Each structure stands twice: as C-alpha cells, then as structure tokens.
Amino acid sequence: MRRETQNVLLVLLGGALLKIAWTGSYLRYVKPSLLPFLVAAGMVILALGMVAIGRDLRAGRASDIGHGEHAGRSPWLLLLPVLAIFLVSPPALGADAVARSAGAVPVPERSIDFPPLPAGPAPALRMSDFVTRAVWNSTSLHGRDVRLLGFVVHDTDGGSYLARLVIACCAADATPLKVRLTGRDGLAGLPQDGWFEVRGQVVPGSAGPDSRFVPALTVSELRPAPAPAAPYEF
Amino acid sequence: MPTPTSPVTGHARTPGRASPPVPAPWRRLTSLEVLCAVLVLALLAQRPLSRILDVPAIRTGATVFVAVCVQAMPFLVLGVLVSGLIAAFVPPSALRRVLPRRTSAAVPVAGVAGMLLPGCECASVPVSRRLMQQGVPPAVALTFLLAAPAVNPVVLVSTVVAFPGEPRMVAARFLGSLGTAVVMGWLWTRFGRVEWIAKRALRQPPRYPDRGALAVFTETARHDLVASGGFLVLGGLTAAALNVLVPASWMASLAGQVLLGILVLALLAVVLALCSEADAFVAASLSMLPLPPRLVFLVVGPAVDVKLVALQAGAFGRGFAARFAPLTFVVAIGCAVLAGVLVLGGVR
C-alpha cells in the first residue's frame with residue numbers, strides 16, 4: 001500500500017474515533033471513562049496522518065521517507081472499523097447478547113451488609129444493585145416498591161425478563177443481569193429489546209440456584225422509556 | 001514518479017481490475033484510487049449493506065468488533081508513541097548500558113521493567129519490537145512483551161478492585177505473569193533462534209540524518225501504527241466471531257471441575273482476547289468456578305490471545321508466532337498453577 005493511501009486511512013481512522021467520541025455513540029462500545037483516551041488517540045492518529053501528508057506535500061512528490069518499506073496488505077484492514085463506524089454504526093448490545101451468555105450469570109462477590117434503600121415510595125435502583133441485593137436475599141428489598149430501567153428479553157423458555165448488560169471495559173466483556181417479570185398479563189407481548197421502566201416488588205427468595213440467581217419481580221407498573229445514552233451499567 | 005508497487009492485486013474488493021493480464025497502455029491502478037473506489041461503493045451500498053447486516057448475531061458481532069477496536073486503539077497509540085520516542089531519543093548504547101550484559105540476567109530486569117508501561121498487550125508489541133531493533137537481545141525484549149501487559153500498576157489495581165475479598169489473587173497473578181515472562185525469556189535465551197523472527201522486525205529503522213528528532217519520532221510512530229493497526233483489526237474480527245460462536249453456557253457445566261476448568265478457562269482467555277485491564281472483572285464474574293482456573297484465565301489472557309497472536313505475527317512474522325504462542329500458552333498455564341499452589345494454597 002502506498003504511503004499516501006496509508007495517510008488517508010489514518011486520517012479516516014482518527015476521524016472515526018473522534019466522531020463516536022463527539023456524538024456520544026462511543027458509549028455503545030466502551031466505558032465513559034475511556035473518553036479522554038479515545039479523544040487523545042483520535043487526535044494523535046489524525047495528526048500523524050496529517051503531518052505525514054503535509055511533509056510529503058512540502059517535500060514534493062519525490063519524498064524519500066518511507067519509500068521501499070511497504071507494510072503489505074494488512075493496513076487495508078484499518079478500513080473495516082472506519083466503514084463500520086461511519087456506515088453501519090453498530091447498535092448497543094441487546095437481547096441477542098443476553099441470550100448468548102445465558103449460562104454465565106454472575107454472582108456478585110460483595111459483603112452482605114447492604115445500606116438501606118433510598119427513601120421515597122419507589123426509589124430507582126441500578127439493575128446491578130437490585131440483583132445483588134436479591135441474590136443475597138437482602139431484607140432491604142422486602143416489601144419495598146422499586147423502579148428498574150432495562151430492555152425486554154423473551155427467553156426460549158417462555159419467560160419475560162427485564163435485562164441490562166454490565167461491562168467492565170468494553171462491550172466484548174459484557175455480562176447480562178436479568179430480572180424475571182411476573183404478576184401481570186401481556187408480558188409476553190412486550191417488544192423484544194424495547195426499553196421499559198418497571199415498578200414492582202421483589203419476590204423474596206426468588207434468586208436462588210434453581211433460578212440461576214435470576215430474581216423475580218412482581219410488576220405493578222410498566223411504561224416505555226427512552227433508551228439511556230449510556231446503555232450499559234458498570 | 002516511482003512505479004507503484006502496492007499490492008492492490010491482492011485486494012479482495014476489486015478482483016481482476018487491479019491486475020491486468022497484459023501490461024496495459026495506461027498505468028496500473030494505485031492503492032489510493034482503489035481506496036476512493038471502495039469508499040464510493042460503500043457509500044452507495046450503505047442501505048442494502050445495513051439490511052444484510054440486520055441479523056441479531058451479526059449485529060452483536062459487529063458491536064463487539066467495533067468495541068474491541070475502539071477499546072484497544074488508545075493503547076496501541078500509546079505503544080507506537082513510546083516506540084517512536086525510543087527510536088528518536090534513546091540511542092541503542094543507552095539501552096545496553098542500562099541492561100545487564102548477560103542476557104540471562106537481563107531477562108528478569110526486563111520482566112520487572114514491564115511494570116513501567118501502563119497499557120494492555122497492544123501497547124507492548126510495538127515497544128518490544130522497537131527494543132529489538134535498537135539492539136536489545138530478543139529474549140529480553142520478549143520478556144518485556146509478556147510482562148508489560150500483565151504486571152503494570154493499572155492491571156494490578158483493577159485486579160484488586162475486581163476481587164475485593166481476595167488480596168492473594170493479586171499476588172498470585174503478579175507472580176504467575178512475571179514467572180511466565182521470565183521463563184519464556186530464559187527459554188528463548190537457551191533455545192531461541194534469531195532466524196525465527198522475520199528479518200523486517202530486526203532491521204534497523206531507516207535513519208534520517210538530515211531530519212530532526214521530531215521527524216524521526218512522528219515517522220516511526222506513523223509507520224508502527226500502520227504496520228500493527230491492521231493486525232489489531234484482524235484480532236478484533238477473530239475475537240468478535242468467537243465471541244458470537246462460542247456458547248457461554250459451556251461455563252456453567254464446569255462448576256467444581258478444577259482441571260477441566262483450568263483448560264477451558266485458558267482456552268477462553270485466548271479466544272475472548274479481553275484487554276488485560278478488564279479481564280479481572282470477567283474472571284470475578286465467573287464465580288461458579290474455584291479460584292485456580294480463574295487465576296489461569298488472568299495469567300494466560302495477557303500473554304496469549306487471538307488479538308495478540310495477530311499482532312505478534314504482524315510484528316515478528318508468522319513463523320515466530322507459530323512457535324512462540326503455543327509455548328507461551330503452556331508455560332503460562334504452568335506458572336499460573338504453580339503460583340496458585342504457592343499463594344492460594346493448593347488447587348482445590
């Protein structure tokens with residue numbers, strides 16, 4: 001591959017990283033804390049490409065730098081993430097990813113002393129907080145209404161779940177958190193991958209080895225919600 | 001104008017067009033023109049392309065692919081910047097003065113020096129290749145390559161955070177990874193052959209005596225980025241495909257089986273190609289398994305994974321990667337099990 005083409009590819013790649021950082025769609029792929037590094041990487045890649053283009057222009061077409069060293073065909077692969085980001089812009093992981101990792105349900109290793117829930121009639125909880133408390137059968141949940149935000153997943157066993165994916169670093173390490181929705185008709189008709197805010201109460205003791213540590217929630221209220229800008233929990 | 005020798009002939013998207021059977025009267029297509037054609041075609045085909053890709057499994061794979069690339073790119077950039085700095089500002093004589101003369105003594109020094117590069121495996125490949133080009137013995141550079149992504153402070157802190165109740169896990173990971181790097185370095189000192197490494201990896205970088213250090217720095221960083229970026233993408237593609245194809249439900253059936261668990265988690269570390277700063281959290285989430293298999297996962301992952309093997313094949317040649325990666329895999333399992341026995345108190 002020619003040096004000029006490599007430089008154009010670098011400019012495109014740097015631009016792609018800056019684009020997802022600017023539009024916020026980077027949150028579909030990585031954690032928010034990566035943003036400064038992502039911007040820095042995008043600017044460095046862009047600058048390396050631009051500086052080389054500028055140097056070649058100044059030196060005239062007969063620039064001697066880098067001639068005779070061809071990196072082979074592998075740089076063409078750099079085009080793939082560029083095309084994926086600019087043209088396809090893959091969505092955040094959803095029900096398909098949850099179904100794929102069905103066997104690996106995380107059992108959080110935390111202490112069993114949970115602080116009481118926030119005051120108020122129905123506090124909004126992070127899915128990870130709710131599932132952790134439910135798995136340890138924390139009495140802090142018993143008899144309390146909570147609100148959860150997540151997307152709907154219909155399992156092959158006929159169950160309907162509210163799910164959220166947790167990432168540690170990037171979407172490649174996403175692990176699902178699920179809550180089984182019960183106590184209401186028409187749950188099976190909810191749209192797969194649709195985002196909902198659900199109000200309800202935990203079924204005490206429902207998150208055991210038999211349910212693969214998936215707690216159940218008796219739903220009292222259910223309404224569609226916009227998908228959050230940061231689709232994953234951390 | 002020099003004759004373009006770019007390998008457009010092998011470019012899959014324009015079969016036949018780029019290599020006319022008889023020398024055409026007009027000049028051959030340059031890679032820049034091919035790139036423009038691909039971009040225009042992709043823009044025109046965006047709609048049908050998006051429809052084809054609108055299958056759940058492919059969507060998941062595409063997201064994982066972009067995620068691996070986006071996550072790794074900052075670390076690769078850090079690596080090529082460090083590599084450029086070494087090329088521009090650290091003369092080979094300075095490196096020789098810092099390292100012990102005897103290779104076998106320099107290997108552990110390189111292992112501990114790995115603590116200085118706070119990045120994941122993508123950063124360490126260009127740096128260790130640059131070290132080799134600056135005259136550092138291959139065994140020493142390879143030890144650095146294996147140690148840097150596994151024993152740096154960022155990775156150790158993330159392991160502490162991921163295993164709050166198990167401080168021994170951090171110590172075991174540190175020992176296992178450092179052991180892997182040092183043993184591999186010593187093995188290379190004893191048995192390694194320079195001809196296994198592709199010649200281009202050892203060639204001295206072109207010197208630009210008429211140019212300033214800044215130009216050397218940017219040119220080296222640019223060259224390394226182009227040379228290794230493609231292989232990172234290749235690794236990302238492989239990881240995404242395996243992520244979608246390998247059913248995670250295998251995990252659940254392993255509970256209680258330590259030896260099988262060790263083997264499966266070692267393989268899982270290779271195919272998942274997680275960033276070494278994230279793998280501790282994944283290992284923590286596999287809580288149906290006892291600690292030793294999860295330790296193996298943490299030691300093998302930063303040393304051998306599909307993304308890293310692709311990067312190594314790009315930097316040091318395929319012949320090198322074919323020998324180095326399988327041996328590292330075995331050594332890493334051995335060191336992890338040993339560290340588990342010593343620190344965690346036996347394989348239970």
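In the strand E2 of chain A, A:Ala163 is the bridge partner of A:Phe151. The model is a predicted one. The strands around this pair are E1 (residues 146–154) and E2 (residues 160–166) of chain A, which run antiparallel and are joined by 4 bridges. In general, the strands of a sheet are paired by backbone hydrogen bonds, in either the parallel or the antiparallel sense.

On from E2(A) comes E3(A), again antiparallel, with 6 bridges between the two. Here A:Arg164 has A:Leu177 of E3(A) as its bridge partner. Strand E3 covers residues 175–182 of chain A, and 6 of its 8 residues are buried, so that the strand is mostly covered.

E3(A) also pairs with strand E5 (residues 216–224) of chain A, in the parallel sense and over 3 bridges.

What do the strands of chain A close into, and in what order? They form a barrel of 5 strands, in the order E1-E2-E3-E5-E4, with mixed pairing. From one strand to the next, the twist averages 55°.

Helix H5 (residues 127–135) of chain A lies across E1, E2, E3 and strand E4 (195–202) of chain A. Relative to E3(A), H5 runs at about 70°.

Chain B has another makeup: its secondary structure comes to 16 helices and 0 strands. Of its 348 residues, 55% are buried. Among the contacts in chain B with a separation of 6 or more, 84% are between residues 24 or more positions apart.

Which residues touch the most other members of the largest nonpolar core? They are B:Val68, B:Val70, B:Val296 and B:Val300, in a core of 179 residues. Helix H3 (residues 56–89) of chain B gives this core its largest share, 19 residues. In soluble globular proteins, nonpolar side chains tend to be buried together.

One of these valines leads back to chain A. Leaving aside residues up to four places away in sequence, B:Val70 touches A:Leu17, A:Ile20, A:Tyr26, A:Tyr29, A:Val30 and A:Leu38.

Methods
Residues numbered from 1 in each chain as written. Chains lettered and ligands numbered in written order. Predicted model: local features only at pLDDT ≥ 70, side-chain atom pairs only at ≥ 80, totals over all residues. Pairing = 2+ DSSP bridges. Axes fitted to C-alpha atoms, helices over the stretch in contact; angles between N-to-C directions. Contact = placed C-beta atoms within 7 Å. Core = buried A, V, L, I, M, F, W, Y, C linked by C-beta atoms within 7 Å. Buried ≥ 20, exposed ≤ 12 C-beta atoms within 10 Å, placed from the backbone.
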